[in-house]
Amino acid sequence: MTSTDRDIMGRRQFLTRTGAGVGSLALGSLLQESAGAEAVPEQFRRVAPKAKSVIFFHFTGAPSHLDLFDHKPVLEKYDRQLAPKELFEGKRFSFLRGHPKLLASPYEFTKHGQGGNELSSLLPRLGTVADEMCLIKSMHTTEFNHAPAQLFFHTGLNRQGNPSIGSWTTYGLGSESSNLPAYVVFMKGNTPGAGANLWKSGYLPSVHQGVRLRSEGDAVLYLNNPEGISRDHRRRTLDSIEALNQQNYELIGDPEIQTRIDQYEMAFRMQASVPELNDFSQESKATREMYGKSEFADQCLQARRLVERGVRFVELFHGDWDTHSKQESRLANNCAEVDQPISALIKDLKQRGLLDQTLVVWGAEFGRTPMLQGDDSPEKCGRDHQKDAFTVWMAGGGVKGGITYGKTNELGNEVAENPVEVRDLHATILHQLGIDHERLTYRFQGFDQRLTGVEKATVLKEILS
Amino acid sequence: MMNRFKHLIGLALFPPLSAGAIDFDKDILPILEANCLDCHDGETLKGGVGLDSYYYATLPTDAGESLFVPGKPAESVLLHVVEESDPEKRMPPKGDPLTSGEIAALREWIDAGAVWPDDGWRPPLHWSFLAPTLPSLPEPDPMLADRHSNGIDYFIAAKLSANDLTINEETDPARLLRRVYLDTLGLPPTVEQVDEFLKNPTFAHYTQIVEELLSSPSFGEKWATQWLDLARYADSEGYQRDAPRNMWPYRDWVIDALNADMPFDQFSIEQLAGDLLPEATESQRIATAFHRNAPTNLEAGTDPEEDHYKVVADRTATTGMIWMGLTVGCAQCHNHKYDPISAKEYYELFAFFNNTPMETKQKGSGFGMSALQHIGPTLAVAQTRDDRSFEEVAATHYREARERADFNLRERAAEMIGSSETIREALDPSTVKLMATKTALSNQQMKTLQRALLPRDTEMAVEIEKVEISANRLKAMREKTVRVMEELGETRTTYIAKRGDFQARGEAVTPGTPAALHPFPENYPKNRLGLARWLVDPANPLVARTFVNRLWIEIFGRGLVTTPEDFGSQGELPTHPELLDWLSVTFVEKDAWSLKKSLRRILLSATYRQSVSSNETRAQKDPKNQLLWRHPGHRLSAETIRDQALAISGLLSPRMHGPHSRPYQPEGVWRKTAGASESYYIPSRGEDAYRRGVYTIWRRNNHYPSFANFDAPDRAACVIQRDVSNTPLQSLTLLNDPAFVEMAEAFAERIAREGGRTLDAQVDWAFRTALSRSPKDSERLLLQSAHESVLGESGSKQKALFELATILMNLHESISRS
C-alpha cells in the first residue's frame, strides 16, 4: 500500500460501520493534522461558509423571555389579575393548576443602538452590542419539560441517543485544530437535566462527542500524567509505545494501528495545548477587565481563545434559570453574571475581526409563561415553563445585527408572526457554516438521518446579511 | 410505475356498474394522473400519499388519515384538500385548482362507495421477508485441505475463490488462544494456560479448550454485554432525574441464562412474557424486567400519560429491532417509507405492549417541585447468601460513613460555637437539644443541625448527603427488588397516534402483527405471550438471521449484514447470503436455538482460526476484508479492556452477580443536576472496586468515563452494534486514568514477584501475560532499554517495572484481538 492509500484507509477505519464515506473524510480531518478549509467535504456544501465556528450558549432551566427580551406592556395593565381562559384551557403545563394570574415584568425595557433592539434593564451591557444581535422572538418548541426540551433543542428529537448540533457540526466540517478537540463544552452551575446526552454524538461516531473542559481537577479528564511522571518521561514512554505499535503494524498491516499512533501523539499535544487555554498572561489588562473576573467570564474568554485556535464548536452551559419562584432575585443574579462576559466576548471577537466568522448563539430549551406561578409577592413569585413562544438571539457569523425577527402575541404566550421551529434554527446555523442541512446525513437504522429531521426546515434567509 | 397502471388497466375486476355511474378507470384515474402524480406516485409518496396503486391509495396517510371514506365525501381528506379555499393549503399546490366538474366526479365516486379496483400490485417482497431455507454446502475448496474446516469455511472459501483470493494461513497458537479466550470469556489466558496449549497445539486440543471455555461461568459475564446493550439495561432512570433504579437481578438473570445456554426461543419468551407463562416462576418474572429497562422521565412536571406512551413506543421499537431486524419505530409517525409496515400495523404491534399498568404518577398536586414517582409493578426477589454478603459490606460502609459524619458534624458545630455564650444563648432550643443528643444522630437530624449551625459548610453538607446515598443503597439491597411486567386485567384501548403525537388520537386498533410477515397463529393469545411465540416461530424469516448476524458481529466485528439494526429494504444486502441462511437454519433446526452450539461452530472454523496479517495484493482486491481473507482483528470492548487490565494486574475480583460496583473515578465527574438525585459518586471499596465491567454502575446521564471513552453506549436506547472509535481520549484514559494507573502499578508488582529473577525473564513474562505470545527480539530489546532508561534515571526498580507495565498496557495489540 502506498502511504496515501494507507492514510485513506486509516481514515476510513475510523468508521467501522460501512456506508458513511463522506463522513469518514470529515472525520479524518477531525483528528489528523493539516486539515484546512479544503478538507470540507463538498457534498455538504451549498453556499460559501460565513462562519467557521460556533459559540453556543445554553441557559439551562430557561430564562424568562418576558423579563429579558420580549416586552409586553399589556401585562403591566393586567398584572396579578386572573389570566384569560385561552391562555391555559386545553394546554398542558408542568406546574400551573387552577386559574392562574398574569404577571407583569418589573423591569424597564430600552431600545438600543441604531437598530433599536429592545432589552430589559437586567442586561445593560448587552445593550452596548445590541447592534450586533439578531433577536428571534418567535421560537417555539414541542416540549415543556427540561430534559426532553433540552434534547429537542440540541438534537432535534425529544429522546436520548441522538447526536447534538455540535456533533453534527464536527461531523460535517471536521476541525481546524490538530491539538484540541473539535467540540468543547463548558459548564457553570448545575449540570443540565439531560446530562451528557446534550453533547454526545448519539449514533454518529463517538469521536464527535463534545469534550468537557472542567474547572476542577484535570481540565480534560485524565489529561495530566500520574504524579512523578514528567513530560520528558512521558515522551519517552510514548516513543516506546509507538515503536512497538509500528512493529506490529509492519507485521499486521492494520491501518487502525497507524491511527492509534496518531492518537497518542494528539493526546501528547493536548497535554500542552489545553492548559495553555487557561493561561491568560498574554491577554491585555483591558481585555481581562472587559470580561470581568468570574468562572463564567473565564469560560467566555477561553471560548474566544478556542475559536481562535480553530475549534469548531464551543458550548457553554449556564444554570440555573428555572425560575418557578423567587424569580426577581434569581434573574438579577444570573443576569449580572452573564451580561458583562457575553457582551465582552462579542466586542472582543469584533475587535479581532473574528466576529464575522464566529456565530454566537444564545439559546435555551423554552421560555416562561406570562402567568404567575406560586406566591403573589414580588419576592416569591415566578413563572412556569412555556413551549409555545420564547426568544433566542444570534450575533456574528453572517447574521444581520440590530434586527428583531418574529413576534409574539400581546401576552407573549404564542407566536404571532414568523414562527421559527427548532429545526429552522438548526438549518440556519448549519447554513452559516456552509452546510446544507438536507445533505448533512448519516446512515443509521436504514435511513439517512439528519439533524433537521424529516419535516421541512427553513433557513431564515431574512436574518442573513 | 407505469407497469402498475398497465396491470391495472388490463384487469377486469370492476364490480358491475349501473348505467351512468362513475367509472374509476375512465372518470377518476385521469384526474389523479393529470393533477396528483408528480408528488403522489409510489416513489415520491409525499405525505405518505400514493395515488397510482390500490395498495398505497388505501393505506392511511402520514397523518394517519384515510384518503377516502366510502360513501362519506364529507369525511374524505381527498375531497377536503382539493376543495380548500386557501391556495396555500389547496391541492394541487401549483397550477389551477380542480374544476368543479372534476370535484363533482370525485364526490360522486366516493359517494358511490369509492371503489378502487385492486390492481394486485404489492411492494415486492424484500429478501429478508422470505423465510430462509437450508442451502446446500458448496464443494469444499482445495485450499481448505488440512485446515479442519467446517460448513462456514466452505461458504467463505467458495466466495474467496470466486474473487481470486485465498484464506490466510493459520494463526500462531499463542495468538489463537488469546483470541478465543477473549471471545468467550472476555479475559486473557494466563501464561500457564498458554504453555499448556503450546505443549500440544493441535486442533483436537483446541477443540477441547473451546469446550471448557464455553462452560466457564465467565462466559455469561462476557456475553451478557451484547444482550444488555440490546436490552438497554442501566442502573438509572435516564432523563433529568436519572434516579437509581434497581434492575440488577435482571442483569444476573441474563448472565445465568447465557451460562445455562437457555435456548434463544425460551430466552426470548421469558423476557417478553415470562409473567404470562402458566405458573410463572420467580426467575421467569425477573426476566420480564427486559422491557422495564426503558428509560423513564421522572422530571417534575412530566405528564405520566406521555411518559407511558414513550415507554411503550420504546418497547415496540426495541422488539422490532431485536427480533425482526426492522426499524418499525419509523412507522410511529407515518407509514414506513420503505418497508411494508403501515402506521396502523405499528400501533397494532404497540397494542401488545400497551396493556401494562401505568409506571409513574405525580407525587402530590399543584405547585411544588415534587417529582414523579415510580408506581410500576415491582417484584421482591428472594435473597441468596451472596446477596447478604454484599449487604454486609454495604452496611459496614454505611455505618462507618455515618459515624464519621456524626463525629465531624459535632466537632465542627462545637468549634463554631466555641466558648461564646452569646452564640450559645442565641441558639434555637431544638438545636441545643440536638447537640446534646448522646446517641447517634439520624440522617435527618444531622441535616437539620448542619443547616442550623453550619449553613455555609458545603463540605459537611456533602458528607451528610453521601451518608444518605449510602443509606439508600443499603435499603435497596435489603429490599432486593426488580421491576417487572404485568398485564392489566382490563384492556387499555390503543389508538393510532397521528404523526406520533400521543394526544392526537386516531382510529382504535387491537393487537396484531404486520401482514408482510408470517401469519399470527389463531390459537395464540393476542397478548405479549402470543407475540413472543410468534416472534420466535421458526416461520419468522428474520429472527434467526438477526440472531446469527449478531453472533457474527461479536466475533468478527461486523455482520454478514452490515446494518444489523435494519434488514429491511434500506439495509445493506448480506455479503454472504447463503452462509447467513445456512447459519440461521442450522441454528434453529440443528442447534435447537443454542447460542453455544452455533458459537462453537464459528470458533472451530478455519475462517476464525486464520491469521490477521495483511497483504498488499489481497488488500487491493478486497480492502475492507468483506470476504474474510484474513481474520479481522479489532479493538476490545470497553469492559474487556478494563477486565483484561484487571486480570493481568492480578486485581480482578472473581465475585459474580449482585448490586453494581463503582470503580474509582475522580471527584466532580458526577455533578449537581437540578432536580436530579445522587449528585455524588461514592466509589466502592475493597474487592468490590475490582469486579468485572459488566457489574459497573451504568448511570445514563453520567456514564463511567473510561467506558464512555471506549464507546460503551449509555443505554438510553437499544444499541445493536457499538461504534469502535480511535481517539486521543482513549490514549489519555489508558495512560492516566487513576484506575488504569493503579492496575499498571499492580502489574509492575506482579512482574517483580512472579516474573523471574533476570530482566530477560521479567520482560518475557510480562509480555506473555499481556499478549500471550512471546516477544520478538526487537520487541524484547526495546522493552529492556525502556526499563533500563527509567532505572538509570530514577534508580528505582519499581519505577522501571511500572514503565514496562504502562507500555504493555497501552499497546494497540493489548486492546485488540489479533
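Author: This is a predicted model. Chain A is divided into domain 1 (46–219 + 286–463) and domain 2 (223–277).

Reader: What separation is there between the centres of domain 1 of chain A and domain 2 of chain A?
Author: Taken over C-alpha atoms, the centres are 38 Å apart. As for contacts, 7 residues of domain 1 of chain A touch 9 residues of domain 2 of chain A. The domain 1 side of that contact has 3 nonpolar, 2 polar and 2 charged residues.

Reader: And how many helices and strands are in chain A?
Author: Chain A has 13 helices and 16 strands. Of its 465 residues, 62% count as buried. Among contacts in chain A between residues at least 6 apart in sequence, 75% join residues at least 24 apart.

Reader: Ok, sheets. What is the strand order in the open sheet of chain A?
Author: The order is β6-β5-β7-β1-β8-β11-β4-β12, which makes 8 strands with mixed pairing. The edge strands are β6 (211–212) and β12 (403–405) of chain A, and each pairs on one side only.

Reader: Take β7(A). Which strands pair with β7(A)?
Author: Strand β1 (residues 53–60) of chain A pairs with β7(A) in the parallel sense over 7 bridges. In that pairing, A:F59 has A:H318 of β7(A) as its bridge partner. Strand β5 (residues 183–188) of chain A also pairs with β7(A) in the parallel sense, over 6 bridges. There, A:F186 stands opposite A:L316.

Reader: How many bridges join β5(A) to β6(A)?
Author: There are 2 bridges between β5(A) and β6(A), and the two strands run parallel. A:V185 stands opposite A:R212 in β6(A).

Reader: Back to β7(A). Why is β7(A) called largely enclosed?
Author: Strand β7 (residues 313–319) of chain A has 7 of its 7 residues buried, so it is largely enclosed by the rest of the structure.

Reader: Which residues point which way from β7(A)?
Author: A:F313, A:E315, A:F317 and A:G319 point one way, while A:V314, A:L316 and A:H318 point the other way. All of these are buried. In a regular strand the side chains alternate between the two faces of the sheet.

Reader: New topic. Which residues have the most contacts inside the largest nonpolar core?
Author: They are A:C134, A:V314, A:V361, B:Y250, B:L804 and B:A805, in a core of 285 residues. Not counting residues up to four places away in sequence, B:L804 touches B:A748, B:I751, B:V763, B:A766, B:L783, B:A786 and B:H787. A second, separate core of 18 residues includes B:I22, B:C36, B:L45 and B:L78.

Reader: How many residues of chain B are in contact with chain A?
Author: 77 residues of chain B are in contact with 70 residues of chain A. On the chain B side, α27 (616–621), α30 (728–736), α33 (777–794) and α34 (797–810) each supply at least two residues. Helix α30(B) gives the most, with 7 residues. By class, that side of chain B has 25 nonpolar, 35 polar and 17 charged residues.

Reader: What domains does the domain assignment give for chain B?
Author: The assignment gives domain 1 (2–122), domain 2 (235–372 + 486–535), domain 3 (385–479) and domain 4 (736–817). The centres of domain 1 and domain 4 of chain B, taken over C-alpha atoms, are separated by 76 Å.

Reader: Now α23(B). What length should helix α23 of chain B span?
Author: Helix α23 (residues 543–556) of chain B has 14 residues, and at 1.5 Å a residue they should span 20 Å. Its end C-alpha atoms are 20 Å apart, which agrees. In α23(B), 11 of the 14 residues are buried, including B:F547, B:L551 and B:W552. B:G557 follows α23(B) and has a positive phi, near 80°.

Reader: Last one. Where does B:E687 lie?
Author: B:E687 lies in the loop between α28 (638–649) and α29 (705–709) of chain B. It counts as partly exposed because it has 14 C-beta neighbours inside 10 Å. Leaving aside neighbours within four places in sequence, B:E687 is in contact with B:S653 and B:R655.

Definitions and conventions: Residues numbered from 1 in each chain as written. Chains lettered and ligands numbered in written order. Contact = placed C-beta atoms within 7 Å. Helix = DSSP H or I, 4+ residues; strand = E, 2+ residues; numbered from the N terminus. Nonpolar A, V, L, I, M, F, W, Y, C, P; charged D, E, K, R; others polar. Domains from an automatic or database assignment. Buried ≥ 20, exposed ≤ 12 C-beta atoms within 10 Å, placed from the backbone. Pairing = 2+ DSSP bridges. Core = buried A, V, L, I, M, F, W, Y, C linked by C-beta atoms within 7 Å. Expected span 1.5 Å × (residues − 1).
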